[in-house]
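Please look through the sequence and the model that follow.

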Amino acid sequence: MASTSDKVGHALAKGLLIKTDYRKDATTESLSRGESVFSTSNAETYIEKEPTAADYFREIAPNGQTVKRYFRDLFPFLNWITRYNLQWFTGDLIAGLTVGAVVVPQGMAYALLAKLPAEYGLYTSFVGFILYWAFATSKDITIGTVAVMSTLVGNIVIKVQKTHPDIDAVEIARTLAVVSGCVVLFIGLARIGWIVEWISLTAITAFMTGSAITIGVGQIPALLGIPGINNRGPAYEVFINTLKALPKARLDAAMGVTALFLLYFIRFGFEFLSRRYPSRKKTFFFLSTLRIAFVLLLYIMISWLVNRGIKDAKKAHFRILGKVPRGFQHAGAPKMNTRTINAFASELPATIIVLLIEHIAISKSFGRINNYTINPSQELVAIGFTNVFGPFLGAYPATGSFSRTAIKSKAGVRTPLAGVFTAIVVLLALYALTAVFFYIPMSSLAAVIIHAVGDLITPPNVVYQFWEVSPLEVPIFFIGVFVTLFTNIENGIYATIAASGALLLFRLSKAKGRFVGRTKVQSLSQDSFSKLEARNACSSDSEQSATLSQARDVFLPLDRKDGSNPDIQVKQPHPGVFIYRFNEGFNYPNSQHYMEHFTEHIFKETRRTTLDNYAKLGDRPWNDPGPRRGQPAEVRTHLPILRAVILDFSAVNNVDVSAVQNLVDVRKQLDRYASPATVGWHFANITSRWTRRALASAGFGYPKSNSPELNWKSIISIADFDDSVSTINSQEKPKYDVEHQTKDDEIRSDSAPHAAPAYEKTGANVTVTGKSVPLYGVNRPFFHVDIFAAVEAALAVVEQDEAQLAG
């Protein structure tokens, strides 16, 4: 009996003139009669129920368990903190201190890129390390100052101050951190971190490479002590202007160039020693990671000796960092207002994109290297939380650092808690080493930046690998690099993302399916294959033999563009029966392109059931001009008529209204083409209930109740009966295809209900003894488990029709 809600729904539909019974499904009695379906003497029938909108909302609606898991996942440290031990502590301590030796000089150098005083780099680094560990799903990643983000912040500061010179750079940077952090935090809390996947690896590497070159070139004037060069312009302009101004180089060049040389000398020296003495590789690694701290301390000592007694940094013999305030002198709530936000609003998307892609790309990469999986949405929660609360201690936008993450990983980090030890190092630097920082040569800091960003440049070998994998993406890489070099980093980000998106849409909209045919294959071991090769090489009466498995059907493209051996013969299953495989999804961007290719091939390889006979020229349709005057008409009588089509949906996850409507239109077109014959439509490998529902709503998958004599047959795929299907982990059963052509070919019950069925080969059919059930609903007989079942079903009808015509 219908429920009250059903009655209300039907009454409402009737009032709105909505036809709910338009499908005209064949009744269950019709489906179960005669040769249309197998006899169910020992098999329980199965009627597939279509999913409803209520089912969909139940699937996506959170329940109590989901809500509990959501809040538990916000604090991943609860999963491992109770198991923390001394061995983990030792590994985290070593890794934390090692990274700390790198982050202090890098943090100050990157703050200068952001057009901020050096201490703000230390504030940002401290906040990133002290907050991240509680929200982290990656043990390796380090959040703090990075070259690309710092350069982007510096560009925004310069742009805003051009139109609003009264707004302080620190105020701009801190406000930017809070606003971008709120956006990223929302994305993470809403668990929509999957949007990062829309940014391709090619786009990321292109913008990172372009940014690294831009930053490195921009530091050359500071490295050489050349004044008066705008290092925020396009990289090519900065490089040309630097070459022109080389005669203006100062004493700073001695402190910068030698520092850069020494950094690379130490690095390559320890890499050589690691290869020469592998047993001491770990020791050489730790010594190599300390090279930045060592070089800076060396040049601080030189600077102190040269500039001893100088109280004003401007009076030094070469540019030095100057006074760095001790402790958190600038802590407090950031001064936020709509005027500042509006001033940098146009730059906000680029800031958010950099925050997202740098961190997620790095954390995923090291997760794969160290055999663990990150949660992108939770990582965005960590970044967002850090950037929202960091500005209260003076931080500016921070994200994941590649170089420090690599050091942390190689240092043997065990848990995210290692960041706390790095934070302690930064804290000690803020309170104990600020007097030493006064003498840091600015050219030496430029050398540190150039040395750090050099690792972000994509090597030519990687670009060559891109070419091997996907040649179309290599131009995107160079587009991103050149746009960044000739304009700015922001344009490079947008260009690479736009180009990647355009390529994706092109591939999707121009997706082209393939017509496939059938061939027989057998399997054998490598040893047996060697014997087979020897047999083929010798005469036919050779004693060499090979053990082959039972032959089975496989379906390969008829155009043979799949790389399979072209000497293998692939045939259509029957004249007039076509198998079409979708290579991509089947949705509105590509459905028309698919169907054009589909119908074009069918019209080319078949003829109309009723041949056209136009007595007069005016009777011919306008789009069928026929042969030229005086030329004979094309003879197509040797071609078969269209009998059936089989669509392989193995690559289709879902369909939409446009795709289904295109199928409906093509079905009508082919029905007219084949009239008065009927074209059979069969579907294979549909794995989504919603796809089956969508197709069924358009009349696919089942015979109509008004079909004359219900002249159809089907292959019913059956599987072992299992009375424990209510359990989640019920064992997967093998599937078997049984063609039931007569009432005598039945499933016989000769064993206990729960016993595994036995199978006997009887002629062309398989007799099954034991209890079995249909795999898919018998009310959808034209939805098949695989192509083999679909082909057998189509051929059953075709052969029956041919037998009737012959009789």
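Which residues are linked in a network of salt bridges? The network consists of R518, K520, D553 and E792. A salt bridge is here a side-chain nitrogen of Lys or Arg within 4 Å of a carboxyl oxygen of Asp or Glu.

The model is predicted, local features need pLDDT of at least 70, side-chain atom pairs count only at pLDDT 80 or more, and totals for chains, interfaces and linings use all residues. Residues are numbered from 1 along each chain as its sequence is written, and side-chain values use heavy atoms, with hydrogens and water left out.

The confidence of the prediction is expressed as pLDDT, the predictor's confidence in each residue, from 0 to 100. Its mean over the chain is 83, and 82% of the residues reach 70 or more. Where pLDDT is low, the predicted coordinates should not be read in detail.

The chain as a whole contains 29 helices and 13 strands. Helices (H or I, at least four residues) and strands (E, at least two) are DSSP runs, numbered from the N terminus. Of the 807 residues, 49% are buried; buried means under 20% relative accessible area, exposed over 50%, and partly exposed in between (1.4 Å probe, protein chains only). Among contacts with a separation of 6 or more, 81% are between residues 24 or more positions apart. The accessible surface comes to about 41200 Å², and 58% of this belongs to carbon and sulfur atoms. These areas come from the Shrake-Rupley method with a 1.4 Å probe; for residues, only the protein chains shown count as cover.

The salt bridges can now be taken up again. The structure holds 14 of them. One joins D553 and K520, whose closest N and O atoms are 3.0 Å apart. This pair links distant parts of the chain, with D553 in strand β4 and K520 in strand β3, 33 residues apart. D553 is buried, with a relative accessible area of 17%, whereas K520 is exposed, at 58%.

A further salt bridge is formed by D559 and R514, with 3.9 Å between the closest N and O atoms. D559 lies in the loop between β4 (552–557) and β5 (577–581) and R514 in strand β3 (residues 514–521), so the pair ties together parts that are 45 residues apart in sequence. D559 is partly exposed at 39% relative accessibility, and R514 is partly exposed at 23%.

D648 and R581 form another salt bridge, their closest N and O atoms lying 2.9 Å apart. Here strand β6 (residues 644–648), which holds D648, is linked to strand β5, which holds R581, across 67 residues. D648 counts as buried because its relative accessibility is 2%.

How is a charged residue placed when it is buried yet has no salt bridge? R174, in helix α8 (residues 169–189), is such a case: D168, the nearest side chain of opposite charge, is 7.5 Å away. Beyond four places in sequence, the contacts of R174 include H330, F392 and A395.

A glycine in helix α9 (residues 201–218), G210, is buried, with 0% relative accessibility. Its C-alpha atom is separated by 7.0 Å from that of G480, 270 residues apart along the chain. Apart from residues up to four places away in sequence, G210 touches V481, T484 and L485.

Some features of the backbone complete the account. A cis peptide bond, with omega about 10°, joins S675 and P676, and P676 lies in the loop between α27 (657–674) and β7 (680–684). K115, which is not a glycine, has a positive phi near 60° and is found in the loop between α5 (86–113) and α6 (119–132). R560 likewise has a positive phi of about 60° although it is not a glycine, and R560 lies in the loop between β4 and β5.

Definitions and conventions. Contact means heavy atoms within 4.5 Å. Lys and Arg count as positive and Asp and Glu as negative; His and the chain ends are not counted.
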